[in-house]
Number of protein chains: 2
Amino acid sequence: MKSTVFSLLPTLALSAAITSSMAVANHDDVPTPVGVSAEFGQILADRAAPVSVPTPQTLQQWQAFQKKFDAPGIALGKALAEKHQVSYEQQQIAGVDTFVVTPKQIAKEHQQRLFVHLHGGAFVFGGQESALREAVWIANGLGVKVVSIDYRKPPLHAHPAALEDSVAVWKALLEAHDPQSMALFGTSAGGNLTLATTLKLQQHDLPLPAALFTGTPATDLAQTTDSWYTLQGLDPLGQRDGLVQGAMDLYAGETPLSDPLLSPVNANIEQFPPTLLISGTRDLLLSDTVRMHRVLRAADVDAQLHIYDGQSHADYLHGAMTPFPESDDAIKELNAFFNLHLK
Amino acid sequence: MKSTVFSLLPTLALSAAITSSMAVANHDDVPTPVGVSAEFGQILADRAAPVSVPTPQTLQQWQAFQKKFDAPGIALGKALAEKHQVSYEQQQIAGVDTFVVTPKQIAKEHQQRLFVHLHGGAFVFGGQESALREAVWIANGLGVKVVSIDYRKPPLHAHPAALEDSVAVWKALLEAHDPQSMALFGTSAGGNLTLATTLKLQQHDLPLPAALFTGTPATDLAQTTDSWYTLQGLDPLGQRDGLVQGAMDLYAGETPLSDPLLSPVNANIEQFPPTLLISGTRDLLLSDTVRMHRVLRAADVDAQLHIYDGQSHADYLHGAMTPFPESDDAIKELNAFFNLHLK
């Protein structure tokens, strides 16, 4: 029996099971990739096709949908924390809701370090304990303390509320932490916010994180990049038209989607912290990811790109539930990268 | 009027215009990628669909086809050398045919360096002055002297003839050159041979190149990796069944296709020179490339991956004819990488 992705990673694979129309036709006969682990091959085999869900139109519809959509993610976040014996505490930092996430054991090299997390979920979803899914993956995988920011989000709060929150928390954390020992990270919308927060910190002349991890980031909210078309039907994320673009529009509010703080691929970058980027060959955000990599490299940023064969959007995060070789490998890359760049 | 890719890069885009059956149907409506330069967008727009050509069956058919297929590539190689005022000289080194390729001006940092080139063309094509196309791109782009090896190839010479030739040339060059000042590089089949030659040098306990560039390498000749399926119809390379697999089989001869010297993705790598890999999001060998990147990274090799949005197999080499921003960017990455790792 096929499980739905919804039951695995409800908001990270954000429109899995909820995409309004889906063209899988042309990829029906694509076999399991030869180069993936048996474990990940099983994840692919168990994957159910997305089902259609209409895009909410009113504030009330968005709120109702958000609540319904996030419920299983919240349950999963809590369950994962328990499973990995990761403790978490809700704290207000600079008036912003956060989770302070502490693994069972902090690795020796990470004792003095702090990782700041911006969760994914198309800017609208993935809040509350949903955010623990990725935060636990990193906290447990690396053995590091994480502060996960439950930033304000649509439908009530459009841009720049989320960035105001992330910058406020960052500023507050600077009082007790050396930025050279701090990293900033996130996946999908969280990858966007990781980049945008860093741009905003630069605007404010604030100390930057020592290194970033931006996983399959949404970097162009204004234009539909190529892999959204070329890989459609291969990624449970579904498609961009409908819910995904609707959520992005909601997040942008009155600000043009091409604004660099919404679409970091348009940023005029001169310098930037070392940045690790992850995507997959079946990831609808592959183009968003590799374009951002090129923007960073054009500015000679130490930007490291890792692409996993056969993986769709944020598939590496399945490792939070059941470790598989490629997920372990991503953790290994992240650990090596942060050990290289963090004090 | 649409030009054929054949007229641009006959053997590097090796089965362009010669693939036996081509499924473009499902990608007919994919727009030009939003993130590419106007110049590269024009290359995409001018691209003609591949036409069918049957796979040769006999020795005589292969020889006749090879001759016919390589003729425009040879003419183009010569024309590009003239255009860029790159001089070249046919030399036998250790009994192997080579071209010693010298740019108009050797860059200051590359004065003492030598780049060794293994050309592409599905192991069967791309020999003689065809090889100059990539050799000139590198020699002129970086301002460096290149020795391009016109290794023996099918249908007369199967594996390991090509590797015997590359190793013999390498050994001979070592007599007058410091391997720490030498790089090895190639695209497609040449990327495979770059990896396989390095493995062979390790087997012989010979000094290795200081760094490698392997562009969109064929790394799994035994299994059809995922992007051959997922991106079919988007890459003028066409498809794997037919001519491409036929050429690989011919190259392998009696050796199993899974042998690491044929399929480097199966190599048991412990150490390896720093390696730069290039592919594109529409490259049928994207999976071959990223899988090899992971194999290298699993051994903690300094392996740098660069993926260009919207590019198909070896598209960066179009820069040898008409420079475009992404091709210049690849040259910049290569130069920075080799300056970092070569003495």
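Helix H8 of chain B is followed by B:Gly253, whose phi is positive, near 60°. The structure is a predicted model, in which local features need pLDDT of at least 70, side-chain atom pairs count only at pLDDT 80 or more, and totals for chains, interfaces and linings use all residues. Residues are numbered from 1 along each chain as its sequence is written, while chains are lettered from A and ligands numbered from 1 in the order in which they are written.

Helices (H or I, at least four residues) and strands (E, at least two) are DSSP runs, numbered from the N terminus. Helix H8 of chain B is mostly covered, with 8 of its 10 residues buried; a buried residue has 20 or more other C-beta atoms, placed from the backbone, within 10 Å of its own. Among them are B:Leu243, B:Met248 and B:Tyr251. The buried residues of this helix pack against helix H3 of chain B, where contact requires C-beta atoms, placed from the backbone, within 7 Å.

Chain B also holds an open sheet of 8 strands with mixed pairing, in the order E1-E2-E4-E3-E5-E6-E7-E8. Strands E1 and E8 of chain B stand at the edges with a single partner strand each, so one side of each has no neighbour in the sheet. Two strands pair if DSSP finds at least two bridges between them. Strands E2 and E4 of chain B run antiparallel and are joined by 4 bridges; B:Thr98 stands opposite B:Ile149 in E4 of chain B.

| Element | Residues |
|---|---|
| Helix H8 (chain B) | residues 243–252 |
| Helix H3 (chain B) | residues 59–83 |
| Strand E2 (chain B) | residues 96–102 |
| Strand E4 (chain B) | residues 145–149 |

Conventions
A residue is buried if 20 or more other C-beta atoms lie within 10 Å of its own, exposed if 12 or fewer, and partly exposed in between; C-beta atoms are placed from the backbone. Two residues are in contact if their C-beta atoms, placed from the backbone, lie within 7 Å.
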